[in-house]
Amino acid sequence: MKVEIGNATLYLGDCLNILPTLTKVNAVITSPPYNLGGFHQENKKWAYDSIDDAMEESKYQQSQISVLNALNADWVFYNHKERIVKGVAINPLEWVLKSKWNLMQTIVIDGKSTANVDKRRFFPVHEYVYVLANEKGKKLDNVNCLTSVWSLPKIKRTEKEHPAAFHEMLPTNCISACQPDVVLDPYMGSGSTGVATIQQGKKFIGIELSKNYFDIACKNIEKAQSQLDLFV
């Protein structure tokens with residue numbers, strides 16, 4: 001299923017099936033499900049709709065490598081975090097460095113607070129954005145003079161109708177540093193990247209597997225597009 005909304009082209013389906021059909025884009029800004037096991041609605045846990053977020057770890061990592069390798073772009077901004085699995089920390093670099101991309105920099109997202117209050121370890125309040133390039137030596141243009149630590153507010157799950165939406169300043173910061181004509185998000189979710197991209201006057205391509213979140217993203221992006229059209 002494909003929907004056109006102003007400067008946005010949105011696909012409902014598996015990104016691994018759709019990505020090979022797309023042409024090259026300037027930038028990918030995305031955050032995949034973290035494989036935290038939160039898909040059991042019957043157990044009253046938060047959920048990614050019907051999407052399995054409890055894959056066997058090696059399969060999850062291989063799926064992420066497959067998606068990263070399927071991306072055709074100049075830049076990829078890949079948001080993820082360190083997870084504790086069976087008492088051991090798993091860092092996303094374990095699979096990012098196995099992909100085809102060149103790691104140019106790691107951004108630390110300072111979330112300030114956490115719901116994970118576990119006195120067996122220091123409270124985790126940070127995530128990462130891995131800045132990946134298709135060529136070694138490629139340079140961003142840090143026009144806003146940002147540091148490598150970004151303080152971003154937490155987004156309430158009820159605010160975006162999604163359990164793990166990031167703040168729109170994340171994609172806005174990425175867009176400012178590479179000024180892409182087209183931005184792609186293969187894990188569109190509720191559309192935060194799309195909203196930020198439309199607000200910046202750029203073209204957006206989004207892919208989402210869940211029909212529920214796809215509909216929410218369409219609504220959010222349509223609102224952003226209508227506000228942009230009104231301003232213009």
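Helices and strands are DSSP runs, numbered from the N terminus. By this scheme, glutamine 179 lies in the loop between H5 and strand S10 (182-185). The model is predicted. Its protein chain holds 7 helices and 11 strands. Of the 232 residues in the protein chain, 50% are buried. Contacts in the protein chain between residues at least 6 apart in sequence were also examined, and 70% of them join residues at least 24 apart.

The packing of two helices was examined in detail. Two packed helices are described by the angle between their axes and the distance between the axes. Helix H5 spans residues 169-178 and helix H6 spans residues 192-199. Their axes lie 8 Å apart, at an angle of about 45°. The crossing of H5 and H6 is right-handed. On the H5 side, the contact is made by Pro171, Thr172 and Ile175. On the H6 side, Ser192, Thr193, Ala196 and Thr197 take part. By class, this contact of H5 with H6 comprises 3 nonpolar and 4 polar residues.

The buried set in H5 consists of Leu170, Pro171, Thr172, Asn173, Cys174, Ile175, Ser176, Ala177 and Cys178. In H6, 7 of the 8 residues are buried, so H6 too is largely enclosed by the rest of the structure. The buried residues of H6 are Ser192, Thr193, Gly194, Val195, Ala196, Thr197 and Ile198.

Just after H5, glutamine 179 takes a positive phi of about 45°. This is a positive value in a residue other than glycine. Glutamine 179 has a relative accessibility of 46% and therefore counts as partly exposed. H6 is followed by glycine 201, with a positive phi near 75°.

Lysine 202 lies in the loop between H6 and strand S11 (203-208). Its relative accessibility is 15%. The cut-off for burial is 20%, so lysine 202 counts as buried. Leaving aside residues up to four places away in sequence, lysine 202 touches Asn7, Ile175, Gln179, Pro180, Asp181 and Thr197. Two of these partners, Ile175 and Thr197, also belong to the contact between H5 and H6. Aspartate 181 is 21 residues from lysine 202 along the chain, and the C-alpha atoms of the two are separated by 5.6 Å.

A search of the whole structure finds 3 of them. One of the pairs is formed by tyrosine 60 and tryptophan 95. Their rings are 5.8 Å apart, centre to centre, with 80° between the planes. The pair is edge-to-face. Tyrosine 60 sits in helix H2 (residues 57-70), and tryptophan 95 in helix H3 (residues 93-96). The two residues are 35 apart, and the pair links distant parts of the chain. Tyrosine 60 and tryptophan 95 are both buried. Another pair joins tryptophan 75 and phenylalanine 77; the ring centres are 6.4 Å apart and the planes meet at 25°, so this pair is stacked. Tryptophan 75 is buried, with a relative accessible area of 6%. Phenylalanine 77 is also buried, at 3% relative accessibility.

Two further loop residues were examined. Cysteine 145 lies in the loop between strand S8 (126-133) and strand S9 (149-151). Its phi is positive, about 55°, although cysteine 145 is not a glycine. Cysteine 145 has a relative accessible area of 64% and is exposed. Valine 125 lies in the loop between strand S7 (102-110) and S8. Valine 125 is partly exposed, with a relative accessible area of 26%. Serine 113 is 12 residues from valine 125 in sequence, and the two are 5.6 Å apart in space, C-alpha to C-alpha.

Conventions
Residues numbered from 1 in each chain as written. Predicted model: local features only at pLDDT ≥ 70, side-chain atom pairs only at ≥ 80, totals over all residues. Heavy atoms only, no water. Phe/Tyr/Trp six-rings, centres within 6.5 Å; stacked < 30°, edge-to-face > 60°. Helix = DSSP H or I, 4+ residues; strand = E, 2+ residues; numbered from the N terminus. Buried < 20%, exposed > 50% of the residue type's maximum accessible area, 1.4 Å probe, protein only. Axes fitted to C-alpha atoms, helices over the stretch in contact; angles between N-to-C directions. Left-handed = near helix turned anticlockwise from the far one by under 90°. Contact = heavy atoms within 4.5 Å. Nonpolar A, V, L, I, M, F, W, Y, C, P; charged D, E, K, R; others polar.
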